[in-house]
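Here are my notes on this model, as promised.

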Amino acid sequence: MSDRIDQIITILQGIGEKLRGAQHVTVLTGAGVSAESGIPTFRDAQTGLWSRFKADDLATVQGFRRDPVSVWKWYAERRVAALQAQPNAAHRILAEIERRVPAFDLITQNIDGLHQRAGSQNVIEVHGSLARVKCLGHQHMLDHWPEAGEEVPPRCPTCRSKLRPDVVWFGELLPEGAWSRAMRAVKACDVFLSVGTSGIVEPVASLVQKAEEQGATIIINNLEVPISATPQHYYLNGEAGTILPLLLQATWPERSSPV
Ligand code: OAD
């Protein structure tokens with residue numbers, strides 16, 4: 001463990017200078033950043049949601065049409081779990097980095113709202129949010145979940161079609177506004193930091209390559225090397241709640257108080 005930390009500190013010394021001098025930092029996060037808050041990832045072998053549940057049943061429009069009650073209840077439970085979870089050190093450090101650099105965007109695939117609760121301001125939710133619902137028929141949006149009534153799922157107050165969570169399911173397009181903001185954030189950045197994502201799900205996975213193509217320094221923190229990683233990337237192996245505080249300390253050693 002301490003060998004690994006020493007190795008990471010050496011890498012961090014190289015990265016610190018780049019991050020300190022960065023004009024625009026863009027961060028991409030995935031489920032791994034919330035794992036230490038007790039929210040399961042998707043693809044971890046034992047605890048990952050997709051090793052225990054079928055994505056086809058729970059994360060597609062077809063699955064919702066087949067069994068809207070189960071799908072609604074599954075997301076309702078995930079919403080409660082997210083509300084009960086607390087942001088961890090990784091969320092807090094990312095909010096702190098935002099305060100220290102001239103320009104910053106945080107693109108997240110997560111729908112749990114923990115970045116905002118940790119104080120991040122420029123959050124781009126490319127896979128939607130558990131905080132909102134919309135209707136199946138016309139995409140009428142509600143910025144809150146309706147009070148639980150007799151009918152599950154509840155109906156849209158405007159058109160009476162079934163409500164569903166405002167999250168992106170397999171086979172659906174990403175929300176247009178969020179995706180164009182994400183592309184702008186990638187084009188503008190000189191440092192791109194990816195935290196806790198397997199880099200498997202497109203089109204988000206390709207953002208790393210886009211950032212690299214336009215010359216950004218790429219830093220990756222994960223428990224395993226994502227498939228999109230190349231030898232040119234700085235790779236920091238370990239839990240985000242341990243690694244990101246070290247990154248903050250290596251970048252601004254004179255200003256680092258515990259966050
Ligand atoms: P995954 O479950 O695919 O990947 C999570 C990654 O986080 C893995 O590579 C883990 O090694 C890593 N990890 C786990 N704990 C960590 C920790 N404490 N610190 C750092 N890394 C850690 O999750 P995503 O990449 O977010 O899409 O998955 C992408 C999308 O696939 C999700 O947004 C979701 C899913 O299907 C939709 O629901 C549309």
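1. Let's begin with S198. Buried or exposed? S198 comes out at 18% relative accessibility, so it counts as buried, the cut-off being under 20%. It belongs to the loop between β7 and α10. Leaving aside neighbours within four places in sequence, S198 is in contact with R43, N222, E224, P226 and I227. Bear in mind throughout that this is a predicted model.

2. How many of the residues of β8 are buried? The count is 6 of 6, so the strand is mostly covered.

3. Now for the partners of β8. On one hand, β7 and β8 run parallel and are joined by 5 bridges, with I219 as the bridge partner of L193. To get from β7 to β8 the chain passes through helix α10 (residues 207-213), and this β-α-β crossover is right-handed. On the other hand, β8 (residues 217-222) is joined to β9 by 4 bridges, again in parallel. There, I219 stands opposite Y234 and I220 stands opposite Y235.

4. Zooming out, these strands belong to an open sheet of 6 strands in the order β3-β2-β1-β7-β8-β9, with parallel pairing. Which strands stand at the edges? They are β3 (123-125) and β9 (234-237); each has a single partner strand, so one side of each is left without a neighbour in the sheet. On average, neighbouring strands of this sheet are turned by 15° against each other, direction ignored.

5. Two helices to look at against that sheet are α7 and α9. Helix α7 (residues 89-100) lies across β1 (24-29), β2 (103-108) and β7 (191-195), and runs at about 150° to β2. Helix α9 (residues 176-188) lies across β1, β2, β3 and β7, and its angle to β3 is about 130°.

6. There is also an open sheet of 3 strands, ordered β5-β4-β6, and here the pairing is antiparallel. Its edges are β5 (141-142) and β6, each with a single partner strand, so one side of each lacks a neighbour in the sheet. Strand β4 (residues 128-135) pairs with β5 over 2 bridges, and V133 has L142 as its bridge partner in β5.

7. P165 is worth a click in that sheet. It sits in strand β6 (residues 163-167) and has a relative accessible area of 0%, so it is buried. What does P165 touch, not counting residues up to four places away in sequence? The list is W72, Y75, R132, V133, K134 and W145. Its C-alpha atom is also separated by 6.3 Å from that of L130, 35 residues apart along the chain.

8. Next, some backbone geometry to check before you set anything up. Most residues other than glycine have a negative phi, and most peptide bonds are trans. Against that background, a cis peptide bond joins V152 and P153, with omega about -10°, and P153 is in the loop between β5 and β6. The bond from E202 to P203 is cis as well, with omega near 5°; P203 is in the loop between β7 and α10.

9. As for positive phi, Q139 is not a glycine yet has a value of about 60°. This residue lies in the loop between β4 and β5 and, at 44% relative accessibility, counts as partly exposed. R160 has a positive phi too, near 70°, and its place is in the loop between β5 and β6.

10. Last, the whole chain. The protein has 11 helices and 9 strands. Its radius of gyration is 19 Å, close to the 18 Å that the globule rule gives for 259 residues, so it is as compact as a globular protein of that length. The C-alpha atoms fill a box of roughly 55 × 35 × 30 Å along the principal axes. Of the 259 residues, 50% count as buried. The accessible surface comes to about 12700 Å², and 51% of that belongs to carbon and sulfur atoms. Among contacts with a separation of 6 or more, 66% are between residues 24 or more positions apart.

How values were computed: Residues numbered from 1 in each chain as written. Predicted model: local features only at pLDDT ≥ 70, side-chain atom pairs only at ≥ 80, totals over all residues. Heavy atoms only, no water. Pairing = 2+ DSSP bridges. Axes fitted to C-alpha atoms, helices over the stretch in contact; angles between N-to-C directions. Contact = heavy atoms within 4.5 Å. Rg over C-alpha atoms; globule rule 2.2 N^0.38 Å. Buried < 20%, exposed > 50% of the residue type's maximum accessible area, 1.4 Å probe, protein only. Areas by Shrake-Rupley, 256 points an atom, 1.4 Å probe, with all protein chains shown as cover. Right-handed = clockwise from strand over helix to strand, strands pointing away.
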